[in-house]
Amino acid sequence: MENSLWGIDLGGTKIEGAVITRDLPFTTLARERVPTEAAKGYDAMLSQVAKVIDLLSDAVGYRPLRVGMGTPGALDPYSHTIKNSNTTALIGKPLKDDLEKMLGISFELANDANCFALAEAQMGAVPEHLKNPELVFGIIMGTGVGGGIVVNGKVINGRHSIGGEWGHNFLDESGGMCYCGRIGCVETVIAGPSLERYYHLQGGEKIRLPEIVSRAQAGTDPIATDTMDRLVHFFGKAVGPMMNTIDPAAVVIGGGVGNIDLLYTRGVEEVKKYLFNPRLDTLFLKPKLGDSAGVFGAAELVR
């Protein structure tokens, strides 16, 4: 048992658990998935987490003493309840305390974006010579915009458990109202749905982002081209100040928007415009772990 790490990725639709070896490169000893059943309420979600633990325990032949868990939202360090979660059944709930009482196991919780950043920094995209001693910024650009900061192999949660939440920095008023109650957050400008909305408002059809990207690449749709130009411009404007603030050795870009190749070329050139340095040495990387990053990063929380 001392040679394994246990992780749970608590998502809006599924809960995934994994047991991995402690040594790197790691081996997966067991992996299980069950539906979250969030529509049935908070207690049902707790039961599903317990089910995953039971399934993993049966698979490896023992129960854990400690489990890392990635969650939508964050655990408030003062109220010890979940906040800022798009899985609303969790908001205001003492998730960590309830799980520990129910299962008799110690839990270490972190935001799912933090788990993504930790996994890619330790196991995924970041080259071996940059791991552990360097600062890594893992960003997710998908339905929303989030991120995590990893220093010396540890997630930086911060005093309010909002470390790395660059998606709610102010970027541009044209983004409009954000669900957080503020106007012009990064998320309102360069998240996937925000780009789709911009394209439609400029006179384009209601289509998904991959099709917009395809049309821009083909050069047959001026509105699609304008949408990608806007993405590149605001990507630089949003990421540049983060570079000046935390100066990471590597930036790993996850999420659907992170699949857009021009971010790693023209996007990086835009970042340089805002950098307080004559050159940009930071590596901008695509993730390597796919949707496994969350559960592996959660396991890393208890290393």
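**Close-up views of a sheet and its helices**

**View 1. Ala-250 stands opposite Leu-283 in strand E12.** The model is predicted, with local features requiring pLDDT of at least 70 and side-chain atom pairs pLDDT 80 or more, while totals for chains, interfaces and linings use all residues. Residues are numbered from 1 along each chain as its sequence is written, and side-chain values use heavy atoms, leaving out hydrogens and water. Strands (E, at least two residues) and helices (H or I, at least four) are DSSP runs numbered from the N terminus. Strand E11 (residues 250-254) runs parallel to E12, and 3 bridges join them.

**View 2. Five strands form an open sheet in the order E10-E9-E8-E11-E12.** Pairing, which requires at least two DSSP bridges between two strands, is mixed in this sheet. Strands E10 (154-155) and E12 (283-285) are at the edges; each has a single partner strand, so one side of each lacks a neighbour in the sheet.

**View 3. Helix H3 (residues 112-122) lies across strands E8 (135-141), E9 (145-151), E10 and E11.** H3 runs at about 45° to E9; axes are lines fitted to C-alpha atoms, for helices over the stretch in contact, and angles between N-to-C directions run from 0 to 180 degrees. Helix H7 (residues 222-246) also packs on the sheet, touching E8, E9, E11 and E12, where contact means heavy atoms within 4.5 Å. The direction of H7 makes about 150° with that of E8.

**View 4. The axes of helix H6 (residues 209-218) and H7 come within 8 Å and cross at roughly 105°.** H6 is therefore roughly perpendicular to H7 (65 to 115 degrees). Residues making the contact include Leu-209 and Ile-212 of H6 and Ala-224 and Met-228 of H7.

Notes. Angles under 35 degrees count as roughly parallel, over 145 as roughly antiparallel, 65 to 115 as roughly perpendicular and the rest as oblique.
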